[in-house]
Amino acid sequence: MGVGWCSFESSEMFASFLASTPLLEESWRLCDRANASLGQAFVIEQVGSRVYVAFSGVQYLIQGLDPSFGNLVSLDSVSEDFLAPLHYRNEGEEPVMVHAGLLHLFLSSYPTFKTQMSTIREKSKSIVITGHSIGGGTASLAALWLLSLLQSESSSLSVLCITFGSPLLGNESLSRALARERWGGNFYHAVSKHDLMPRLLFAPLASITSQLHCLLQFWHLSMQSPQYRQLADQLNSGVAPQIFDNVLAYLGWLTQAGGSLKSLCSPFGNFFFCSEEGAICVENAASVIKMMHLMLVTSSPICSIEDHLKYGDYVGKISLQFLNKTNFMQGDLPKSSYEAGVALALQSAGMLNQEPVASRAKDCLKMARQRGTPSLNCANLAIKLSKIDPYRVEIEWYKAYCDSSDDQLGYYDSFKLRRASKRDSKVNMNRHKLAQFWDNIIRMLDKNQLPHDFHRHRKWVYASQFYMLLVEPLDIAEYYRTRMHHVKGHYIDHGRERRYKIFDSWWKNRKVTDEENSQRSRFASATQDTCFWAKVEEARDWLDNVRSERDPRKLAVLWDSIDRFERYAMGLVERMEVSMDVLGKNSSFTLWMEDYKRLKSQMSQLRWRKLKISCSFAIRLKHASHKLFLKVDSTSRKKEIGATGCSG
């Protein structure tokens with residue numbers, strides 16, 4: 001797919017594919033059956049080599065759960081193994097959170113579902129997991145669990161999740177995590193033009209909890225018995241308008257805020273918007289939210305409730321739309337295929353002639369074209385990376401010059417003790433230019449302007465690590481050169497830039513090659529612990545404090561820290577994970593080691609002298625005690641002889 005390809009154009013292909021297969025019709029048929037099967041969390045049916053699993057949308061009534069839609073829980077609260085790939089997050093990101101009620105529903109059926117899956121996987125090539133209403137939410141969780149399992153086993157089994165009128169499942173971090181795993185394409189959410197359920201969790205609903213109870217009860221009763229649908233008129237008196245107005249208002253604020261206002265939940269995957277005229281498919285999250293709002297603007301409270309129960313009608317019409325998708329061209333032909341695609345999408349959404357909503361919907365679909373922007377940004381960054389390469393090369397030259405210098409200070413100490421030379425100034429300027437480039441990448445990630453799996457691209461993981469190995473020692477040198485540790489505290493806890501923490505997490509979560517695990521035969525070109533010199537500076541402070549500390553307990557803690565650092569540093573040296581500048585004759589580390597050994601020797605001699613003195617004192621004390629004992633014993637015997645009148 002080209003970079004400039006529109007999102008709705010690619011989604012149109014996905015929609016055409018779904019419409020041309022029995023996937024939608026079979027999924028809805030099984031959802032209808034699951035809703036009518038009281039007491040069953042899900043039903044299973046095999047069609048050829050494909051297995052359908054449909055979760056019931058009436059579980060709320062069966063389980064008796066609190067339907068409050070304002071409660072999200074972190075995946076971390078379940079277990080570290082549950083949906084393990086989704087637990088990773090960048091520094092500063094919120095944890096992945098999902099709706100508590102939907103999670104409870106899935107976990108209550110999890111033992112049975114897990115057992116059934118182990119049997120199903122042996123005799124099928126693909127699995128379609130589906131669900132209507134709340135069943136769609138539990139279906140999404142089930143699909144996520146299965147995708148996580150298959151990833152750990154490197155299985156090629158195909159998984160597709162199709163939901164109908166499903167509530168949103170989790171927060172923005174969940175959407176990011178799915179994008180990072182590239183699982184978004186496994187999810188298709190059918191949303192009818194006016195259905196309120198998929199839009200509920202965009203808004204805070206704490207103020208209308210009682211009305212929400214009534215609405216959910218109506219929907220669930222209607223799914224079981226169609227005669228209950230006549231109760232919709234009663235909801236229109238007060239319950240429906242309050243919920244409708246609340247959701248519509250908040251959706252409007254979200255679309256106008258442009259990202260500055262956060263919703264409770266965030267969309268993920270592909271959204272299949274259905275109307276009487278057909279359907280369109282949109283993937284871009286911002287476009288999904290805008291389409292949710294624009295379609296609801298054309299609705300009414302009672303329509304928004306009844307539409308949740310009409311997916312069976314819409315599914316049958318979707319195929320007809322794609323068979324007759326050129327009917328709209330009876331008038332003036334659009335000037336381009338792009339305009340034709342927009343017009344077709346508007347007709348499919350039932351909004352082509354509904355001004356002023358149609359104009360705003362047209363802009364929304366054009367905005368979906370920005371789907372290619374993250375990939376384009378990534379390509380542009382690769383070009384910029386090549387342009388800043390000379391800055392990196394100049395720093396490498398500087399390192400080689402320092403390491404081979406006669407003063408034997410090494411790279412770190414040379415920069416820390418630098419003078420106002422042209423060479424040093426240029427290196428310092430290059431250090432700042434490289435920092436600007438990498439900080440810009442972090443800002444783009446924060447704003448979702450790069451692919452969500454950017455941190456897994458081998459090119460960027462290794463480029464960021466190489467940057468850290470080369471430049472962070474210079475940042476540490478500058479920090480201690482300007483004595484910032486006296487103002488803020490030591491570097492690792494109080495001075496380290498956010499970019500380095502993020503790059504650390506990228507490096508730790510990479511796939512390690514066999515070559516990286518092999519033992520080194522020579523010293524590294526750059527010390528592998530980028531914070532090594534900061535640890536040396538802390539160790540220097542500990543040695544200074546040992547000389548002045550008088551509290552035995554604090555002294556013991558200091559010596560323990562010093563000894564641990566010495567073992568850690570010598571381990572790096574033995575494994576050849578340091579560069580030669582660390583072992584330079586006048587480097588901070590070499591001088592620290594000499595100071596450490598000298599102080600330890602002095603302490604050993606002092607302890608030996610104290611031990612000799614204490615031993616000598618003990619011996620003299622023992623001799624004195626023995627003499628005193630003999631004297632006392634002699635006196636006692638003389639007294640005893642005098643009393644008896646006998647000689648010895």
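**Cysteines, sheet and rings**

Modeller: C161 is buried, at a relative accessible area of 1%; buried means under 20%, exposed over 50%, and partly exposed in between, with a 1.4 Å probe and protein chains only. Before we go on, this is a predicted model, where local features need pLDDT of at least 70 and side-chain atom pairs count only at pLDDT 80 or more, while totals for chains, interfaces and linings use all residues. Residues are numbered from 1 along each chain as its sequence is written, and side-chain values use heavy atoms, leaving out hydrogens and water.

Colleague: How far from C161 is the nearest cysteine sulfur, and which residue has it?

Modeller: A disulfide here is a pair of cysteine sulfur atoms within 2.5 Å. The search of the whole structure finds zero disulfides. C161 is in none, and its nearest cysteine sulfur is 9.4 Å away, in C31.

Colleague: And C303, is that buried, exposed or partly exposed?

Modeller: The relative accessible area of C303 is 33%.

Colleague: What is the bridge partner of H132 in β6?

Modeller: Strands β5 (residues 126-132) and β6 (residues 158-164) run parallel and are joined by seven bridges. In β6, H132 has as its bridge partner F164.

Colleague: How many of the 10 residues of helix α6 are buried?

Modeller: The buried ones are S173, L174, S175, R176, A177, L178, R180 and E181. Their cover includes β4 (97-99), α5 (134-153), β7 (187-192) and α18 (422-446). Helix α6 (residues 172-181) is largely enclosed by the rest of the structure, because the buried count is eight of the 10.

Colleague: Are the rings of W438 and Y467 stacked or edge-to-face?

Modeller: Rings of Phe, Tyr and Trp (its six-membered ring) pair if their centres lie within 6.5 Å; planes under 30 degrees apart count as stacked, over 60 as edge-to-face and the rest as tilted. The count by this rule is 38 aromatic pairs. With W438 and Y467, the centres are 5.5 Å apart and the planes at 25°, so the pair is stacked.

Colleague: How many residues apart in sequence are the parts that this pair ties together?

Modeller: Both W438 and Y467 are buried. W438 lies in helix α18 and Y467 in helix α19 (residues 458-481), so the parts are apart in sequence by 29 residues.

Colleague: And what sort of aromatic pair do F454 and W506 form?

Modeller: F454 is buried at a relative accessible area of 0%, and W506 is buried too, at 1%. Their centres are 5.9 Å apart with 70° between the planes, making the pair edge-to-face.

Terms used. Pairing = 2+ DSSP bridges. Helix = DSSP H or I, 4+ residues; strand = E, 2+ residues; numbered from the N terminus. Contact = heavy atoms within 4.5 Å.
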